[in-house]
Amino acid sequence: MLSTFERIMFLLLVAICLAAVANTFAQMARVIGRGQGALALNELPRRVIAGAIALITQGRIIRHRKITSLFHYGVAFGFIFYGLVNVIDILEGLVPGFTFLHDHIIGHLFRLAADLFAAAVLIGVVYFLLRRFAAQDAALKIRDNVKLMDRVRQGGIAVDSLIVGLFILFHVGSRLLSAAFKIGLEGPDPWQPVADFIAGTFLGGMSPEALTFGFHAFWWIALGLIFLFLPYFPYTKHAHLFMGPLNFMTGPERTYLGQMKKLNLDDETIEQFGANDLDDLPQKHILDAFACIMCNRCQQVCPAYNTGKELSPAALEINKRYYIREHMGPLAAGATNGVPLLDYAISESAVWACTACGHCIEICPVGNVPMLDIMEIRRDLVMMQSEFPDQLTAAFRGMERMGNPWQAQQSRMEWAAPLPFEVPTVEENPDYEYLLWVGCAGAFNPDAQKTVRAVATILHEAGVSFATLGDDETCTGDSARRAGNEPLFQAMAEANIETLNAARANERRIVTSCPHCFTTIGKEYGEMGGHYEVFHHTQLIADLVGRGKLRLNGKMLEQATFHDPCYLGRHNGVLAEPRTALAAAGLTLLEMPRSGKDSFCCGAGGAQYWKEEEHGTETVNVNRFREARATGAAVLAVGCPFCNTMMSDANREQGAPMQVRDVAELVAEALQPSAVAQ
């Protein structure tokens, strides 16, 4: 198709652009390589499959913003398919006489797909440009009180979006017009309905010379744009097209959604714990910045952002991206960095506003983990700089000296005093089936004590052999780790593992009413050498009901709504069991709009329970309670002692319009013949 001169010029263009591509992509790789550790590449076939699934499903974006997601699917699949289209177009241009199966059904279907995908891409890109620039969708904006780099605040994202949008429009549009001009030359093609329509409607009166010129011109524009744009890829958000799947491929294995990894505190050669600057982050977290599509989906679900605070997980990733973009050359060349993340990526108030709910991780379509960035920054603030909210000092001191953040000194078994039966310790019942892990809240918080009594009653009525550690139990250290105090967490974990193993809990099962204890013991102690089979009490209750071990009257006949605890539902996927237990008790469930893995946080996680909430427009628990109340349910069921406190506080502030009860309390109340002691 191309003349000899055109072939030479095209190959020269390709050579120059590919050299530039090698340079910019190598820069991107070197910047990522500055991070800590390495990208996970073990079990590569499985990881490649995971990346392919992420590419095909587009990170399951269809779960939210469904209309926008449908347009995105059209653009994404079309652009991916255009990789093949571009290869075929190059071959047809460079190889004399070559056409791709022009008279074969495969060739027909190829042209049909190219034609229809072109239309889908063009419609989708126009939609996205109108959404950003005409409709100015509020979901794409970031509030003024959130830290943003100047270039971002001054329209950097809009410029980037416009460049990418116009590139796709001109590339795909030019290819479609090239096909239309070719149809004008060679005659109608029913397998290219859109291009055929353009040719028949607009090109009918043109001369063969003009049609040939148009065919060649738009072929050059379509393919030339690709090669000219490729070196620019690492500087644009369009890099998410391949960095997103790579992110899913190379992420470390985690035992649950937001698992924090153990620090090697015994290695005296390590001079930095946590993340102070970009280089202190794991390589995966730097890759996150390149993968970020700047869609603000994480921001839209963030409990801190939704209540007016300075935290936006999207802004964190965007700031990282633009900092890298502005310093790509020096960073890739190995220049010393040393610019604290707090100087440009996130404010200190935002760091301490995070509830560690994990929603930003769960919703991200490209596999980013901004919550874990924040946890690493907290580690630096606490361990390296000793800078943290004053209120956390008391919790740290209590955990260190008295084994609980309440700084309580009474017996951890006082909760059991009102029960009409004896609650045995491990010494008294060494052949127990389940170890009942009471937790600090269950031991010292009055509302949580009711829950633990209900759990004990259920176990007693079901004939389950259980025991407790009594006063040998201490805090799991969850709040210490989430607050950045890794040494305190590890000290508590080591002590608990020793106690649990001495009680042979590693050979039995553990049940707890606290999702944070459930997660920490069952999903984080493994790195410390403690391997346990841990159940949340709602899981055990649902199992007992299913096996006919519990007799419930099923006559409560009240409407209830269930608040999914973040560390039960979203982080660990325990969703059905609490609802099964509530239904068995006779309650009719009315779901909140944000439920299941999309549940909104109560505001207590991430060590927030032990400090003042960061300044915002409202508190997180009030925001959540308002949603629960709007269901019209009489009962707000919970499955976490911290959720219980936060929802109870909000309930009292609103004049106590609902009953806030743990699932275990409601089930115990439905037991035959006895009821839980209060």
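**Exercise 1. Which residue in E8 does Leu636 stand opposite?**

Before the solution, a word on what you are looking at. This is a predicted model, in which local features need pLDDT of at least 70 and side-chain atom pairs count only at pLDDT 80 or more, while totals for chains, interfaces and linings use all residues. Residues are numbered from 1 along each chain as its sequence is written, and side-chain values use heavy atoms, with hydrogens and water left out.

*Solution.* 
- Step 1. Find strand E7 at residues 635–638 and strand E8 at residues 659–662. Helices (H or I, at least four residues) and strands (E, at least two) are DSSP runs, numbered from the N terminus.
- Step 2. E7 and E8 pair in the parallel sense, over 4 bridges; two strands pair if DSSP finds at least two bridges between them.
- Step 3. Opposite Leu636 stands Val660 in E8.
- Step 4. From E7 the chain crosses through helix H28 (residues 641–653) to E8, and this β-α-β crossover is right-handed. The term means that, with the strands pointing away from the viewer, the path from the first strand over the helix to the second runs clockwise.

**Exercise 2. Work out the order of the open sheet of 4 strands.**

*Solution.* 
- Step 1. Start with E1 (residues 434–437), which pairs with E2 in the parallel sense over 2 bridges. Here Leu435 stands opposite Ala467 in E2.
- Step 2. E1 also pairs with E3 in the parallel sense, over 4 bridges, and Trp437 faces Thr512 in E3.
- Step 3. Another 4 bridges join E3 to E4, which run parallel; Thr512 stands opposite His536 in E4.
- Step 4. Put together, the order is E2-E1-E3-E4. Strands E2 (466–467) and E4 (533–536) stand at the edges with a single partner strand each, so one side of each is left without a neighbour in the sheet.
- Step 5. E3, helix H23 (residues 515–524) and E4 make a right-handed β-α-β unit. Helix H24 (residues 537–546) lies across E1, E3 (509–512) and E4, and runs at about 80° to E4. Axes are lines fitted to C-alpha atoms, for helices over the stretch in contact, and angles run from 0 to 180 degrees between N-to-C directions.

**Exercise 3. Is Ser174 buried or exposed?**

*Solution.* 
- Step 1. Look in helix H5 (residues 150–186), where Ser174 is placed.
- Step 2. Its relative accessibility is 4%, so Ser174 counts as buried. The cut-offs are under 20% relative accessible area for buried, over 50% for exposed, and partly exposed in between (1.4 Å probe, protein chains only).
- Step 3. Beyond its neighbours within four places in sequence, Ser174 is in contact with Leu169, Phe218, Ile221 and Ala222; contact means heavy atoms within 4.5 Å.

**Exercise 4. Describe the loop residues Glu43 and Leu101.**

*Solution.* 
- Step 1. Glu43 is in the loop between helix H1 (4–33) and helix H2 (44–57). Its phi is near 50°, a positive value in a residue other than glycine, and at 49% relative accessibility Glu43 is partly exposed.
- Step 2. Leu101 lies in the loop between helix H3 (66–94) and helix H4 (105–134). Phi of Leu101 is near 45°, again positive in a residue other than glycine, and its relative accessible area of 37% makes Leu101 partly exposed.

**Exercise 5. Where does pLDDT stay under 50?**

*Solution.* 
- Step 1. pLDDT is the predictor's confidence in each residue, from 0 to 100. The chain has a mean of 95, and 99% of its residues reach 70 or more.
- Step 2. The stretch under 50 is residues 674–678. Where pLDDT is low, the predicted coordinates should not be read in detail.
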